[in-house]
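Hi,

Here is the structure I promised to pass on to you. Have a look at it first, and then read my notes below.

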Amino acid sequence: MYQDVNSNIAKIRQRIAAACIASGRLPEEVRLLLATKTVPANGIRMALKAGETLIAENRVQELKEKWDALKDIPHEHHFIGHLQTNKIKDLLKHDVTCIQSADRIELAEKLYQQLSATSRTMDILIQVNTSGEESKFGVHPSHAADLVKQVAALGTLKVKGLMTIGLFSADSEEVRKCFHMLRILRDEIAAMDIPGVEMKELSMGMSSDLEIAIAEGATIVRVGTAIFGQRPTPDSFYWNEKQD
Ligand SMILES: *Cc1c(COP(=O)(O)O)cnc(C)c1O
């Protein structure tokens with residue numbers, strides 16, 4: 001089922017390189033993150049063997065299930081899903097280095113408390129809802145700067161940038177608006193020079209829209225389908241409130 005993973009990765013790497021060239025950027029400026037929801041450990045292993053190093057899950061349950069099977073092969077793990085406060089403890093048992101989906105202060109405070117107990121730190125991206133779609137998580141753009149300030153005041157959380165899921169639309173100009181908005185927000189917040197905040201990362205762009213995201217300055221693109229194939233579970237399962 002995952003026999004195409006290697007050639008799919010090569011194609012995505014080419015798309016990233018071409019998009020970088022088209023916008024005068026260096027391919028090294030853009031990290032490829034593999035969105036591995038619903039992909040079993042053996043599929044992920046193929047991608048890691050092909051040389052990929054950055055993967056991310058949407059659910060703590062899947063993180064737990066695959067962790068042991070992958071721990072012998074070096075890689076970095078981010079978290080990109082809606083995170084409920086009662087799952088933080090479990091998440092922290094696994095060596096996740098960045099939570100890209102921080103979208104509310106309650107979550108940040110709980111994270112802070114749990115991390116302080118073990119004197120650990122965590123990289124954080126603030127997820128912004130740039131599409132205005134209700135089904136998507138993320139802080140409202142007008143509240144993003146305040147949330148960054150509040151999170152940055154929690155010493156164990158290191159804010160590194162912003163994340164968004166673009167509008168699902170065949171109209172690329174509408175999609176571009178989302179990514180452009182995130183970039184403007186990033187620059188505005190960077191100009192505030194908030195202590196402890198490094199507004200470097202822009203995590204945006206997925207299988208269908210990574211070229212637009214790279215043109216707008218993405219530093220991390222998150223790709224699932226174009227590498228692992230169609231998922232059996234609809235994304236609404238991951239992107240709506242009603243999940244475990
Ligand atoms: C699933 C997912 C992706 C990848 O989406 P594809 O369209 O499969 O490439 C990216 N970001 C988030 C937050 C996701 O949940």
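Asp-193 lies in the loop between α7 and β7; helices (H or I, at least four residues) and strands (E, at least two) are DSSP runs, numbered from the N terminus. The phi of Asp-193 is near 50 degrees, a positive value in a residue other than glycine. With a relative accessibility of 65%, Asp-193 counts as exposed (buried means under 20% relative accessible area, exposed over 50%, partly exposed in between, with a 1.4 Å probe and protein chains only).

Before going on, a note on the source: this is a predicted model, where local features need pLDDT of at least 70, side-chain atom pairs count only at pLDDT 80 or more, and totals for chains, interfaces and linings use all residues. Residues are numbered from 1 along each chain as its sequence is written, and side-chain values use heavy atoms, with hydrogens and water left out.

Val-197 is found in the loop between α7 (172-191) and β7 (201-203). Val-197 is buried, because its relative accessible area is 18%. Leaving aside residues up to four places away in sequence, Val-197 touches Val-148, Ala-152 and Val-159 (contact means heavy atoms within 4.5 Å). From Val-197 to Leu-157 there are 40 residues in sequence and 9.5 Å in space, C-alpha to C-alpha.

Then there is Ser-119, in the loop between α5 (105-117) and β5 (122-127). Ser-119 is not a glycine, yet has a positive phi of about 45 degrees. Its relative accessibility is 68%, so Ser-119 counts as exposed.

Enjoy exploring!

Best wishes
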